[in-house]
Amino acid sequence: MIGRIVCFSGKIGSGKSSVSEAVANALACKMASFGGYIRHKVESQGGDPTSRKALQDYGQLRVDQNIAEFCDDVLSYSGFTTGDDLVVDGIRHVDVYDALVRRLPNSRFHLIHLDLDDRSRKSRMAGRGDDFSDFVRAEGHVVEKDLSSNLPSRAHLVIDASAPIEDIVGNILVYLAS
């Protein structure tokens, strides 16, 4: 069986989780979330699942230790079965995307990058009550380095994430149907 794997990347505040969830609902398929898995693991180990630094550090540790195992753990946590369609939220490394492709060689992959200008992202972060100094620190974390050019240049589709979510999801569904 060949499944369709729709992966989302984007900088902090670009709308990855909201768009991923909406697309998964529209496609009636499961969603794997790197952020959700990492929050679960940090909390289960007694850490603070609301600390962006703790989440970024744990995610980078897993990437550095064994990317393939990290990807397998996220897929397993989501309940994914080979051949299923799947939406993957939170691709932050080209190497993670490549590991997923290697792990599921018979799947049809689509990497979609959500692009949003810094001012709009900061505004969204402020609307969520996020600390601006944490935002600045988080942007400089090694976890975020592939999001400026490497992932957008590898993406099959780059979407302007400033549009209303309904328009973003609609454009993605049109792309996936073509």
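The model is predicted: local features need pLDDT of at least 70, side-chain atom pairs count only at pLDDT 80 or more, and totals for chains, interfaces and linings use all residues. Residues are numbered from 1 along each chain as its sequence is written, and side-chain values use heavy atoms, with hydrogens and water left out. Helices (H or I, at least four residues) and strands (E, at least two) are DSSP runs numbered from the N terminus.

**Salt bridges**

- The model holds 10 salt bridges, each defined as a side-chain nitrogen of Lys or Arg within 4 Å of a carboxyl oxygen of Asp or Glu.
- D118 and R121 form one of them, with an N to O distance of 2.7 Å; the two residues are 3 apart in helix α5 (residues 118-127), about one helical turn.
- An α-helix has 3.6 residues a turn, so residues three or four places apart point the same way.
- Accessibility is classed as buried (under 20% relative accessible area), exposed (over 50%) or partly exposed (in between), with a 1.4 Å probe and protein chains only.
- D118 is partly exposed at 38%, whereas R121 is buried at 1%.
- R121 also pairs with E139, the closest N and O atoms being 2.9 Å apart.
- E139 is partly exposed, with 26% relative accessibility.
- K145 and D146 form a further salt bridge, with closest N and O atoms 3.5 Å apart; D146 is buried at 5% relative accessible area, while K145 is exposed at 53%.
- A network of salt bridges links R62, E69 and D73.

**Ends of helix α5**

- D117 caps the N-terminal end of α5, where a side-chain oxygen lies 3.2 Å from the backbone nitrogen of R119.
- Just after α5, G129 adopts a positive phi of about 85°.

**Largest pocket**

- A pocket is found on a 1 Å grid over the protein atoms alone, as an open set of points where a 1.4 Å probe fits, with protein on both sides within 12 Å along at least five of seven lines; lining residues have an atom within 4 Å of a point.
- The volume of the largest pocket is about 890 Å³, taken as the space filled by probe spheres set on the points, which are joined across faces, edges and corners.
- Its lining comprises 42 residues, and K16, S17, R39, R52 and R92 lie nearest the centre.
- Elements giving two or more residues to this lining include α1 (16-27), β3 (86-91) and α8 (165-177); the largest share, 6 residues, comes from α3.
- The lining divides into 17 nonpolar, 14 polar and 11 charged residues; Ala, Val, Leu, Ile, Met, Phe, Trp, Tyr, Cys and Pro count as nonpolar, Asp, Glu, Lys and Arg as charged, and the others, Gly among them, as polar.

- The largest nonpolar core has 30 residues, where a core is a set of buried Ala, Val, Leu, Ile, Met, Phe, Trp, Tyr and Cys residues joined through side-chain atoms within 4.5 Å.
- I5, C7, F34, V88, I91 and L100 have the most contacts inside this core.
- Among the elements that each supply at least two core residues are β1 (4-10), α4 (94-103) and β4 (108-115); α3 gives the largest share, 8 residues.
- S9 belongs to strand β1 and is buried, at 0% relative accessible area.
- S9 and D89 are 80 residues apart in sequence and 7.1 Å apart in space, C-alpha to C-alpha.

Methods
Polar contact = N/O pair within 3.5 Å; in protein donor to acceptor, adjacent residues only side chain to side chain.
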